[in-house]
Amino acid sequence: MQALYQRYPDIRIEGENYLPLPLYRHVASFLSMFKLALIGLIVIGKDPFALCGMQAPGIWIWGQENKIYACMMVFFFSNMIENQCMSTGAFEITLNDVPVWSKLESGHLPSMQQLVQILENEMKMNVPMDTLPHHRS
């Protein structure tokens with residue numbers, strides 16, 4: 001940003017979140033609620049498998065013996081998956097409401113040199129016709 005501000009002092013840079021697909025948002029929301037419920041069950045020590053008439057798996061027994069570690073693992077693992085669901089990796093650049101770069105389409109971020117070249121080309125193309133010098137033939 002600093003390099004762009006030095007080169008183009010009048011430039012306006014804004015950032016915003018690019019929302020993921022609704023399916024991914026719902027999965028992340030479900031995981032968030034499931035995480036809290038699972039941590040609650042671990043802390044309380046209530047065996048949900050007994051309610052269903054099933055024998056508790058070994059990982060549940062381990063979690064009851066190591067509650068703090070189990071809660072931390074559930075929390076961090078769930079957050080990792082939630083963040084993956086909510087992350088789009090978008091880096092979109094528009095100039096005068098015209099898209100000039102899309103990480104979603106190109107698959108990578110532009111280098112600083114590419115970015116400057118893109119902005120210069122777009123600014124040259126957007127110069128109003130009345131500001132260009134008139135040449136007589």
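1. In which helix is Met73 found? Met73 is found in helix H5; helices here are DSSP runs of H or I with at least four residues, strands are runs of E with at least two, and both are numbered from the N terminus. The model is predicted, so local features need pLDDT of at least 70 and side-chain atom pairs count only at pLDDT 80 or more, while totals for chains, interfaces and linings use all residues. Residues are numbered from 1 along each chain as its sequence is written, and side-chain values use heavy atoms, with hydrogens and water left out.

2. Met73 counts as partly exposed because its relative accessibility is 42% (buried is under 20% relative accessible area, exposed over 50%, partly exposed in between, with a 1.4 Å probe and protein chains only).

3. Ser78 also lies in helix H5. With a relative accessible area of 8%, Ser78 is buried. Leaving aside residues up to four places away in sequence, Ser78 touches Leu31 and Lys35 (contact means heavy atoms within 4.5 Å).

4. An unreviewed UniProt entry annotates residues 23-44 as "transmembrane region"; such positions follow the numbering used here, feature names are shortened, and annotations may be inferred rather than shown by experiment. Over residues 23-44 the chain is 100% helix and 0% strand. The end C-alpha atoms of this stretch are 32 Å apart.

5. The largest nonpolar core has eleven residues, including Leu4, Ile93, Trp101 and Leu119 (a core is a set of buried Ala, Val, Leu, Ile, Met, Phe, Trp, Tyr and Cys residues joined through side-chain atoms within 4.5 Å). Strand S1 (92-95), strand S2 (98-102) and helix H7 (112-125) each give two or more residues to this core. H7 supplies the largest share, four residues.
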